[in-house]
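Here are my notes on the model you sent over. They are set out as numbered points, to be read with the structure open.

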Amino acid sequence: MDKAKDRFRLMNDARNPFKNAEFYVIPLAIATASWIMRKVTDTVCPEDGSFVANTCNRAEEALGKLYGGIVFLMLIAGYNRFKGLKKYMRGVIKPLLEAALADDAKSA
């Protein structure tokens with residue numbers, strides 16, 4: 001009974017939709033904040049070629065690279081996660097289909 005209870009607890013923990021959400025929420029929050037800051041610096045900074053304007057342009061470039069890199073890495077991580085999910089689903093669905101087909105064959 002204890003083994004079944006532990007197994008069901010692990011299965012329920014694996015189904016938690018918010019499990020490891022911080023790995024997605026934090027980078028996306030940083031990317032969103034840097035995108036917003038880039039838009040703000042784009043509208044606020046002068047375009048007169050002064051030291052301030054050059055600094056603003058460099059800041060805009062850095063912020064653009066930051067959110068672009070985060071989005072790129074998130075796409076790679078999402079793709080790898082999708083591949084793992086697909087492999088897991090194949091391992092789960094195949095035995096379920098086999099069991100259902102066996103039940104149908106027994107009842108027929």
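1. How many residues apart are Asp6 and Arg9 in helix α1, and what does that separation come to in helical turns? They are 3 residues apart in α1, which covers residues 2-15, so about one helical turn lies between them. An α-helix has 3.6 residues a turn, so residues three or four places apart point the same way. Please bear in mind throughout that this is a predicted model.

2. Asp6 and Arg9 form a salt bridge, with 3.5 Å between the closest N and O atoms. The cut-off for such a pair is 4 Å between the side-chain nitrogen and the carboxyl oxygen, so the 3.5 Å pair qualifies. Side chains of opposite charge can pair when their charged atoms come close. A search of the whole structure gives 1 salt bridge.

3. The structure has 1 disulfide. Cys45 and Cys56 form it, and their sulfur atoms are 2.1 Å apart. Cys45 sits in the loop between α2 (22-44) and α3 (51-107), whereas Cys56 belongs to helix α3; the two are 11 residues apart, and the pair links distant parts of the chain. The torsion about the S-S bond is about -75°, so this disulfide is left-handed. Cys45 and Cys56 are both buried.

4. The buried residues of α2 are Ala31, Ser34 and Thr41. Helix α3 is included in what covers them.

5. What span should helix α3 have, and how far apart are its end C-alpha atoms? At 1.5 Å a residue, its 57 residues should span 84 Å; the end C-alpha atoms are 82 Å apart, so the two values agree.

6. The buried residues of α3 are Ala53, Cys56, Glu60, Leu63, Gly64, Tyr67, Ile70 and Met74. One of these, Cys56, is the disulfide partner of Cys45.

7. Phe82, Leu85, Tyr88, Met89, Ile93 and Leu97 make a nonpolar surface patch of about 610 Å². Ile93, one of its members, is in helix α3. Ile93 is partly exposed, with a relative accessible area of 39%. A residue needs over 30% to be part of a patch, so Ile93 at 39% passes.

8. Lys83 also lies in helix α3. With a relative accessible area of 42%, Lys83 is partly exposed. From Lys83 to Leu73 the C-alpha distance is 15 Å, for a separation of 10 residues in sequence.

Notes
Residues are numbered from 1 along each chain as its sequence is written. This is a predicted model: local features need pLDDT of at least 70, side-chain atom pairs count only at pLDDT 80 or more; totals for chains, interfaces and linings use all residues. Side-chain values use heavy atoms; hydrogens and water are left out. A disulfide is a pair of cysteine sulfur atoms within 2.5 Å. Helices (H or I, at least four residues) and strands (E, at least two) are DSSP runs, numbered from the N terminus. Buried means under 20% relative accessible area, exposed over 50%, partly exposed in between (1.4 Å probe, protein chains only). Patches are made of residues with over 30% relative accessible area and no salt bridge: like charges are joined within 9 Å, nonpolar side chains (Val, Leu, Ile, Met, Phe, Trp, Tyr) within 5 Å. Accessible areas come from the Shrake-Rupley method with a 1.4 Å probe; for residues, only the protein chains shown count as cover. Contact means heavy atoms within 4.5 Å. The expected span of a helix is 1.5 Å times one less than its number of residues.
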